[in-house]
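Visitor: I am new to this structure and would like to learn how to read it. Could you walk me through it?

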Amino acid sequence: MDEKLVDLQINKLIQEYSFLKSDEELKKEMINTNQKGFLDLVNGKLGDLKPEEINLGPTKEPKSKKIEPKVDMSGISENTKVRIKKIYRNIVKLTHPDKTESEELNELYMEATEAYEAYNIFELCFISKKLNIKVKLSLEETKTLKELLDSKKNEIKKIESSFIWLWLTASNENDKNELVDRFIEKHYKNG
């Protein structure tokens, strides 16, 4: 395939990922901003219940945060792995805490490290773009890019199926109250 067509196809995928990433960030921020209001309603309704109706359940130990690759590693060619490593190294040269005291650059370093460990080419490309580092991808990497797009779409679906998101987007107060009741039923009620 013509090199220009490959570049255009990859740019299209990167722009789609960029949109999905922005959509995810917006939805997460909306949830974070409105979470207190949702929890206040939950707590208010919990206060109306008798103690024997409430099951607080066992407290869970926090899970350790191990970064899992978002793509099937068996499907990534050695060339792609080498390219990911090269992109990451170019980012590290500019952002490593030993090289700069800039908080913003250090944050990009941490984001790049997370993306590198997850083999997330998109994130590495975004960070490279912020740092004016030129990145050239091949057509064989489109499979990996498409897997990452699917992964991002699934992350957004999880957000959109959360109680808080459904509560935020409910069309009326009655629907909002029903969602709070369903949340309490699922998480707090005995029986």
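Predicted model: local features only at pLDDT ≥ 70, side-chain atom pairs only at ≥ 80, totals over all residues.

Visitor: Which residues of α1 and α5 meet?

Guide: Contact means heavy atoms within 4.5 Å. Among the residues that meet are Leu13, Tyr17, Leu20 and Glu24 in α1, and Leu145, Leu149, Lys152 and Ile156 in α5. By class, the contact of α1 with α5 has 10 nonpolar, two polar and 11 charged residues. For these classes, Ala, Val, Leu, Ile, Met, Phe, Trp, Tyr, Cys and Pro count as nonpolar, Asp, Glu, Lys and Arg as charged, and the others, Gly among them, as polar.

Visitor: Is Lys152 buried or exposed?

Guide: Buried means under 20% relative accessible area, exposed over 50%, and partly exposed in between (1.4 Å probe, protein chains only). Lys152, found in helix α5, has a relative accessible area of 5% and is therefore buried. Leaving aside neighbours within four places in sequence, Lys152 is in contact with Tyr17, Leu20, Lys21 and Glu24. The side chains of Lys152 and Glu24 are joined by a polar contact of 2.6 Å. A polar contact is a pair of N or O atoms within 3.5 Å; within protein, one must be able to donate a hydrogen and the other to accept it, and residues adjacent in sequence count only if both atoms are side-chain atoms.

Visitor: How many helices and strands are there in the protein?

Guide: Helices (H or I, at least four residues) and strands (E, at least two) are DSSP runs, numbered from the N terminus. The protein has seven helices and zero strands. Of its 191 residues, 34% count as buried.

Visitor: At what angle do α2 and α3 pack?

Guide: Helix α2 (residues 78-95) packs with α3 at an angle of about 165 degrees, their axes being 9 Å apart. α2 and α3 are therefore roughly antiparallel to each other, and their crossing is left-handed. By class, the contact of α2 with α3 has 10 nonpolar, three polar and one charged residues.

Visitor: How do α1 and α7 pack?

Guide: Helix α1 (residues 3-48) and helix α7 (residues 173-187) have axes 10 Å apart and pack at an angle of about 65 degrees. α1 and α7 are therefore roughly perpendicular to each other. α1 passes α7 in a right-handed crossing. Phe38, Leu41, Val42, Lys45 and Leu46 in α1 meet Asn177, Val180, Asp181, Phe183 and Ile184 in α7.

**Into the loops**

Visitor: Where is Glu141, and what does Glu141 touch?

Guide: Glu141 sits in the loop between α4 (121-130) and α5 (142-160). Its relative accessible area is 0%, so Glu141 is buried. Not counting residues up to four places away in sequence, Glu141 touches Thr80, Arg83 and Ile121.

Visitor: Which backbone nitrogens lie by the side chain of Asn120?

Guide: Asn120 is in the loop between α3 (103-117) and α4. A polar atom of the Asn120 side chain lies 3.2 Å from the backbone nitrogen of Phe122, and a polar atom of that side chain lies 3.1 Å from the backbone nitrogen of Glu123.

Visitor: What should I know about phi?

Guide: Most residues other than glycine have a negative phi. Asn132 has a positive phi of about 60 degrees although it is not a glycine. Asn132 lies in the loop between α4 and α5 and is exposed, with a relative accessible area of 71%.

Note on methods. Residues numbered from 1 in each chain as written. Heavy atoms only, no water. Axes fitted to C-alpha atoms, helices over the stretch in contact; angles between N-to-C directions. Parallel < 35°, antiparallel > 145°, perpendicular 65-115°, else oblique. Left-handed = near helix turned anticlockwise from the far one by under 90°.
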